[in-house]
Amino acid sequence: MTSANTPPFAGRYPAGALAFPHRSLLGIGQLETHQIHYLLDEAEQWVELNRQSKKHTDRLAGLTIINAFFENSTRTLLSFEIAGKRLGADVVNMHAAQSSVKKGETLIDTAMTLNAMRVDAIVIRHGSSGAVQLIAEQVDCPVLNAGDGQHEHPTQGLLDALALRHALRARGRQEFNGLVVTICGDILHSRVARSNILCLQALGAVVRVCAPPALMPSGIEAMGVETFHDFNAALEGAEVVMMLRLQNERMQGQFIPSPREYRHLYGLTAERLARAAPDAIVMHPGPMNRGVEIDSTVADLAGRSIITDQVEMGVAIRMACLDVLTRRARGVEGWA
Amino acid sequence: MKPSRPLTITGGLLVTPSGVKGGTIRCVQGMIEAVGEARPQDGDEHVDAGGQIVAPGLVDFGVFAIDKPAFHFGGITRAALMPDESPPLDHPARVRFAASSGKPDLWVHPLAAATVALEGEHLAELALMREAGARAVATGRSWIADSGVMLRLLQYAAMLGLVVVTHAEDGGIAGTATATAGEMATRLGLPSAPAEAEALAVARDIALAEMTGARLHLRQVTTRAALDLVRAAKSRGVAVTAGVTPAHFMLSDLALQGFRTFARLSPPLREEADRQAVIEAIGDGTIDVIASGHDPRGPEDKRLPFADATPGMAGAETLLALVLTLVRDGVIPMERAFDLVARNPASLIGVQAGELRVGAEADLALIDPAKPWIVDSAKMAATAGNTPFDRQPVQGRVTGLWKGGVPVG
């Protein structure tokens with residue numbers, strides 16, 4: 001039984017592969033709004049499954065998925081690994097530190113090598129923007145972007161939207177339209193910010209970004225966001241507050257004087273949160289620097305913080321992406 | 001190598017500094033003997049131009065590789081070689097070797113490294129390299145960060161009468177940027193630096209040139225702010241000249257779409273308003289030189305993620321055709337096009353070439369300015385096909401080339 005046969009949302013989307021015609025998932029920027037909705041809707045069944053005691057299906061049985069991570073990761077890698085295994089696929093993790101990349105092999109050669117092993121999907125994280133697209137152009141199987149440089153992290157954007165959708169529905173709200181979301185932190189170095197801006201805007205939200213000038217990318221207004229340097233002003237009336245960590249590993253030179261000073265201006269404290277809309281939702285893609293960009297009292301605030309829901313939705317979204325992108329290879333009717 | 005017999009080209013449109021006129025050109029012993037009024041004499045090699053353009057061979061100012069097939073395809077008979085070789089041109093022996101590396105059918109004019117190993121710290125042996133054939137001094141791909149070193153370099157070069165060629169990008173601001181700050185870089189998530197990095201460097205170098213009386217050539221000026229500084233300096237009488245490559249008047253940073261590494265250049269492509277400013281500056285004479293910036297790079301340098309790819313483009317083959325688009329668009333007349341690609345660069349390196357005048361070297365190109373062709377990175381004469389103009393239809397093709405009166409190829 002496949003979801004293509006029994007869609008829980010029959011009639012809302014075009015039939016078969018027309019609902020999601022992309023071979024790979026490189027970024028939210030490539031997706032139409034209805035395709036985002038499609039992935040979110042597809043993920044719901046996996047949210048259900050993941051809450052059962054037996055969290056397993058054989059839908060991707062026999063398929064091999066490689067998680068090729070050229071950059072360190074714990075949670076995203078784990079999330080993709082669990083997603084693949086719960087779908088019954090054979091999942092192999094490749095860490096750059098252990099690979100021939102260190103021996104001077106080029107990225108293209110690595111891609112060709114993976115391709116020659118006849119894998120059915122490749123999940124890639126890489127430190128350079130555009131690296132995942134470069135690999136996708138060289139291989140025959142679907143490629144999923146698990147974060148490329150400062151460009152995009154599409155599954156994070158999708159999982160945040162799914163977690164937010166659940167939180168909104170729990171509050172009796174069905175739509176994102178007009179929802180005011182404030183994203184605060186190291187916008188410059190954040191692929192999560194870019195994917196979230198694109199995803200939330202596509203769903204109808206109004207996005208504000210807040211950062212000190214040195215961490216605010218130039219020209220980001222052209223993406224349709226409102227920019228703030230003053231966090232208090234950015235919080236005014238915000239219904240969702242998404243905090244990002246400082247990506248010290250991507251900083252060359254000094255961007256802020258000290259973490260203490262950063263917290264003084266941009267830390268989400270309980271007092272600051274009070275400036276946002278009543279019941280405002282708190283999000284963070286992790287890993288958190290407690291006491292810097294977010295205080296523990298806020299991060300753990302029951303009923304307001306959905307940070308652990310984000311992690312839960314991550315597995316479901318990645319299962320949905322792996323399922324949808326491998327349908328052609330699996331010969332699912334309407335997709336092959 | 002001297003030609004065995006005189007060369008006479010009849011029936012051509014001669015591009016001279018004062019305009020394009022029909023006529024005949026005759027060359028004897030590798031030098032131009034008559035322009036306009038002349039007749040082929042017995043024993044001359046006689047070429048009928050058939051109404052095509054007869055122009056000076058191009059003098060390509062600031063290339064990174066000696067790539068003869070590409071230069072000859074593009075009508076280039078002389079090239080000023082940047083010092084960024086491996087090892088760098090910071091020693092008289094290397095300069096002497098480079099100076100003879102293209103003869104007889106391509107003359108290479110080495111630009112001496114301004115500092116040892118191009119590190120921007122210790123002045124190189126500029127006088128000895130001048131003796132060895134260096135025609136100017138260059139800072140290479142990067143700027144000299146230390147203003148004190150730059151000041152002493154300009155003072156010294158002024159004494160030696162050598163033009164100083166600089167790369168104008170403030171290193172502190174540019175850092176490891178691969179794109180110009182703006183919407184495109186932000187959408188693609190590329191490390192970027194504000195365009196003002198150029199104006200800052202230009203302002204400093206002009207101030208130091210003004211102070212020392214040195215002749216300064218800014219190899220690439222690509223932003224409105226920096227061009228305004230050059231324009232103002234020229235009106236004050238500062239001995240400053242400016243160059244650019246076709247990339248910066250043909251393309252904006254929109255060309256980075258899809259992480260196309262062939263569009264990864266140094267300085268990076270700018271926003272559209274700056275592209276328009278470059279075209280204006282070519283039109284009003286603020287820009288003196290258009291060069292190819294020829295830097296062929298194979299897949300090992302270019303088939304990489306954008307930020308990891310090496311900057312540079314193979315430009316020798318497309319230089320002429322792209323400059324001719326400026327003539328067709330009415331930005332400049334034909335004779336000015338050849339000032340930009342031949343006469344002005346020849347004057348910067350102090351060689352008697354780059355124009356059709358009696359007594360100049362007989363470096364000639366026969367050009368069909370309307371001939372259409374399509375740039376194809378897979379079929380380039382260059383050692384690599386890294387052109388940002390791939391698949392672009394262009395017009396203008398070299399149909400004959402002479403170096404010192406001797407046919408090339």
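User: Is the crossing of H5(A) and H6(A) left-handed or right-handed?
Analyst: The crossing of H5(A) and H6(A) is right-handed. Please keep in mind that this is a predicted model.
User: At what angle do the axes of H5(A) and H6(A) cross?
Analyst: They cross at roughly 50°, and the axes come within 8 Å. Angles from 65 to 115 degrees count as roughly perpendicular and those under 35 as roughly parallel, and H5(A) and H6(A) are therefore oblique to each other.
User: Which residues of H5(A) and H6(A) meet?
Analyst: On the side of H5(A), residues including Pro154(A), Leu158(A), Ala161(A) and Leu164(A) take part. Among their counterparts in H6(A) are Val192(A), Ser195(A), Cys199(A) and Leu200(A). By class, this contact of H5(A) with H6(A) has seven nonpolar, four polar and one charged residues.
User: And how does H1(A) pack with H5(A)?
Analyst: Helix H1, residues 33-50 of chain A, packs with H5(A) at an angle of about 70°, and their axes are 10 Å apart. That makes H1(A) roughly perpendicular to H5(A). The contact includes Ile36(A), Leu40(A) and Val47(A) from H1(A), along with Leu162(A), Arg165(A) and Arg169(A) from H5(A). Its residues divide into eight nonpolar, one polar and four charged.
User: Let us change topic. In what order do the five strands of the open sheet in chain A stand?
Analyst: The order is S7-S6-S5-S8-S9 in chain A, and the pairing is parallel. From one strand to the next, the twist averages 20°.
User: Why is one side of S7 and of S9 in chain A left without a neighbour in the sheet?
Analyst: Strand S7 (226-228) and strand S9 (281-283) of chain A stand at the edges and have a single partner strand each, so one side of each has no neighbour in the sheet.
User: Over how many bridges do S8 and S9(A) pair?
Analyst: Strand S8, residues 240-243 of chain A, pairs with S9(A) over three bridges in the parallel sense. Val241(A) stands opposite Val282(A) in S9(A).
User: Which helix lies across S8 and S9 of chain A?
Analyst: Helix H5, residues 154-170 of chain A, lies across them and runs at about 160° to S9(A).
User: Finally, which residues of chain B does the UniProt domain annotation cover?
Analyst: The unreviewed UniProt entry gives "domain: Dihydroorotase catalytic" for residues 75-224 of chain B. Over residues 75-224, chain B is 37% helix and 17% strand, and the end C-alpha atoms are 30 Å apart.

How values were computed
Residues numbered from 1 in each chain as written. Chains lettered and ligands numbered in written order. Predicted model: local features only at pLDDT ≥ 70, side-chain atom pairs only at ≥ 80, totals over all residues. Heavy atoms only, no water. Pairing = 2+ DSSP bridges. Helix = DSSP H or I, 4+ residues; strand = E, 2+ residues; numbered from the N terminus. Axes fitted to C-alpha atoms, helices over the stretch in contact; angles between N-to-C directions. Contact = heavy atoms within 4.5 Å. UniProt positions renumbered as here; feature names shortened; annotations may be inferred. Parallel < 35°, antiparallel > 145°, perpendicular 65-115°, else oblique. Left-handed = near helix turned anticlockwise from the far one by under 90°. Nonpolar A, V, L, I, M, F, W, Y, C, P; charged D, E, K, R; others polar.
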